[in-house]
Amino acid sequence: MFGRIFSRMFGGMFGPSEKLNDLVAQLRPDLSRESLGVGPDFPGVVPNPLLSGEARRRSAELRTGELAFGVLVDWREVSSDGSPRVVLMLDVETADGSSFRGIADEDLTITELTRLAPGQTMPVRYRPAVMDHCVALARDAGAPGPGR
């Protein structure tokens, strides 16, 4: 709903081809596709994934996605209200040996956030049929991750 209201209010201001995600990249250049190291297939970081039906569907699909391992490259804090929301940049290697830059949009605890370190290996899930750079931490995998 917020996305529709925002688009109606400000959509024409940024040109007909601009998307809400591109606006976010303009407001937060550190979250742009170029800054995150991904290509045009990455859908972007949404301001509030709970209000985006597409983001909720993507999260549900990622929970049952294929397991892979990601090496943490860097992260960006998106918000610190309650539990910190961060965007993790990971170099992901799949079971079949292919690799790609993965982006995980996660809510972490303060403890998990303080334990993040570049080079840390984390289990992640991805959607091989989509390959849009979106991944999610595989908290069900039981391997070391943030906070473990």
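**Starting at Val124**

Take Val124. Leaving aside its neighbours within four places in sequence, Val124 is in contact (heavy atoms within 4.5 Å) with Glu66, Leu67, Ala68, Phe69, Gly70, Leu90, Val92, Val135, Ala136, Leu137 and Ala138.

A word on the source. This is a predicted model: local features need pLDDT of at least 70, side-chain atom pairs count only at pLDDT 80 or more, and totals for chains, interfaces and linings use all residues. Residues are numbered from 1 along each chain as its sequence is written, and side-chain values use heavy atoms, without hydrogens and water.

Now, the core. A nonpolar core is a set of buried Ala, Val, Leu, Ile, Met, Phe, Trp, Tyr and Cys residues joined through side-chain atoms within 4.5 Å. Buried means under 20% relative accessible area, with a 1.4 Å probe and protein chains only. The largest has 16 residues, and Val124 is among those touching the most other members, as are Leu88, Leu90, Val92, Leu116, Met122 and Val135. Which elements give two or more residues to this core? Strands E1 (66-79), E2 (85-94), E3 (99-107), E4 (121-126) and E5 (134-137). E2 gives the most, with four residues.

A second, separate core has 12 residues, including Phe42, Leu62, Val78 and Ile103.

Zoom out. The protein has five helices and five strands, DSSP runs of H or I of at least four residues and of E of at least two, numbered from the N terminus. The order is α-α-α-α-β-β-β-α-β-β. Of 148 residues, 39% count as buried.

How values were computed
Buried < 20%, exposed > 50% of the residue type's maximum accessible area, 1.4 Å probe, protein only.
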